[in-house]
Amino acid sequence: MKLTILKTGEVPSVLAGRFPAYTDMFRAMFERDGARFDFEVIDVPGGPPLPDPADLEAVLVTGSPAGVYDNLPWLDPVRDFVRKAYARRLKLVGICFGHQIIADALGGVVQKSEKGWGLGRHTYRIEARPRFFDLPRASVSIACSHQDQVIAPPAEARLLLSSDFTPNAGLLYGNGTTLTFQPHPEFEDSYTSALIDLRHGQAPDTVLDAAHVSMAKPSDSPLLARAISRFLTI
């Protein structure tokens with residue numbers, strides 16, 4: 001299967017020399033899981049027009065520093081792509097910003113949360129267990145880094161993951177081929193910790209300290225990566 005990655009953001013410039021690009025993080029995540037994909041990367045903000053979903057096999061939308069409410073010329077083409085992909089039942093996965101722009105395009109509400117920054121390793125309750133998501137526990141702990149949240153999911157979305165901080169953290173859509181998550185299974189712990197440090201002056205020290213403490217929790221990213229691989233290939 002060819003997996004087309006829509007790259008909607010870059011690693012912050014101050015960290016770019018120390019960590020791989022987001023697209024390479026996803027490649028490594030799937031390789032660790034043993035999934036075999038041919039990868040195509042499309043640079044959305046600076047690249048050519050998006051392809052016709054009819055010509056693709058599966059798509060993943062990455063994270064981004066952008067918000068769905070920003071005045072950026074590439075956001076509406078992404079929304080249009082999502083709607084066409086959804087109608088064609090193209091396999092579509094969104095992570096963090098990808099989670100948000102897919103919800104926004106399909107009728108949900110995305111806003112900067114009044115709860116502030118979600119940083120470190122958060123624990124999410126498993127709310128449903130479709131065939132590809134039959135995880136062997138009641139919750140998973142995954143890295144996150146975000147302010148924006150899906151406040152109200154689209155009507156056709158089914159809740160998969162939730163927490164008190166992020167009630168709509170994982171969604172499976174009614175067409176059966178669209179799956180999105182707020183947390184980042186592709187992040188290595190060293191990168192997540194670097195993002196926490198990067199938020200000094202933006203998030204309260206108490207939030208930063210709690211985020212660093214949270215990194216002591218074992219990561220369940222391999223479980224979420226396995227579920228995404230199964231979703232894409234079943």
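Which residues in H2 meet which residues in H3? Leu-75, Val-78, Arg-79, Val-82 and Arg-83 in H2 meet Phe-97, Ile-101, Ile-102, Asp-104 and Ala-105 in H3, where meeting, or contact, denotes heavy atoms within 4.5 Å. The model is predicted: local features need pLDDT of at least 70, side-chain atom pairs count only at pLDDT 80 or more, and totals for chains, interfaces and linings use all residues. Residues are numbered from 1 along each chain as its sequence is written, and side-chain values use heavy atoms, with hydrogens and water left out.

**First stop: H2 and H3**

Select residues 75-88 for helix H2 and residues 97-105 for helix H3. Helices (H or I, at least four residues) and strands (E, at least two) are DSSP runs, numbered from the N terminus. Two packed helices are described by the angle between their axes and the distance between the axes. H2 and H3 pack at about 75 degrees, with axes 9 Å apart. Axes are lines fitted to C-alpha atoms, for helices over the stretch in contact, and angles run from 0 to 180 degrees between N-to-C directions. The two helices are therefore roughly perpendicular; angles under 35 degrees count as roughly parallel, over 145 as roughly antiparallel, 65 to 115 as roughly perpendicular and the rest as oblique. By class, the residues of the contact of H2 with H3 are seven nonpolar, no polar and three charged. Here Ala, Val, Leu, Ile, Met, Phe, Trp, Tyr, Cys and Pro count as nonpolar, Asp, Glu, Lys and Arg as charged, and the others, Gly among them, as polar.

Next, select Arg-89, in the loop between H2 and strand S4 (91-95). Phi of Arg-89 is positive, near 60 degrees. Then move to Cys-96, in the loop between S4 and H3. Cys-96 also has a positive phi, about 55 degrees, although it is not a glycine. Most residues other than glycine have a negative phi. Cys-96 is buried, at 6% relative accessible area; buried means under 20%, exposed over 50%, and partly exposed in between (1.4 Å probe, protein chains only).

**Second stop: the nonpolar cores**

Select Phe-30, Phe-133, Leu-161, Phe-181, Ile-228 and Leu-232, the residues with the most contacts inside the largest nonpolar core, which has 33 residues. Such a core is a set of buried Ala, Val, Leu, Ile, Met, Phe, Trp, Tyr and Cys residues joined through side-chain atoms within 4.5 Å. Helix H6 (residues 221-233) supplies the largest share of this core, six residues. A second, separate core has 27 residues, including Trp-74, Phe-97, Ala-103 and Tyr-173.

Now centre the view on Phe-181. Leaving aside neighbours within four places in sequence, its contacts include Ile-95, Cys-96, His-99, Phe-133, Leu-161, Leu-224 and Ile-228.

Select Thr-8, in the loop between strand S1 (2-7) and H1. Thr-8 is buried, at 2% relative accessible area. A polar atom of its side chain lies 3.1 Å from the backbone oxygen of Gly-63. Beyond four places in sequence, the contacts of Thr-8 also include Val-44, Pro-45, Trp-74 and Phe-97.

Continue to Tyr-22, in helix H1 (residues 22-33). Is Tyr-22 buried or exposed? At 10% relative accessibility, Tyr-22 counts as buried. Its side chain makes a polar contact of 2.7 Å with that of Tyr-191. A polar contact is a pair of N or O atoms within 3.5 Å; within protein, one must be able to donate a hydrogen and the other to accept it, and residues adjacent in sequence count only if both atoms are side-chain atoms. Tyr-22 is also in contact with Phe-187; these two residues are 165 apart in sequence and 8.6 Å apart in space, C-alpha to C-alpha.

Select H4 (residues 189-198) and H5 (residues 205-214), which pack at about 170 degrees with axes 10 Å apart. This angle makes H4 roughly antiparallel to H5. Ser-193, Ile-196 and Asp-197 in H4 meet Leu-208, Ala-211 and His-212 in H5.
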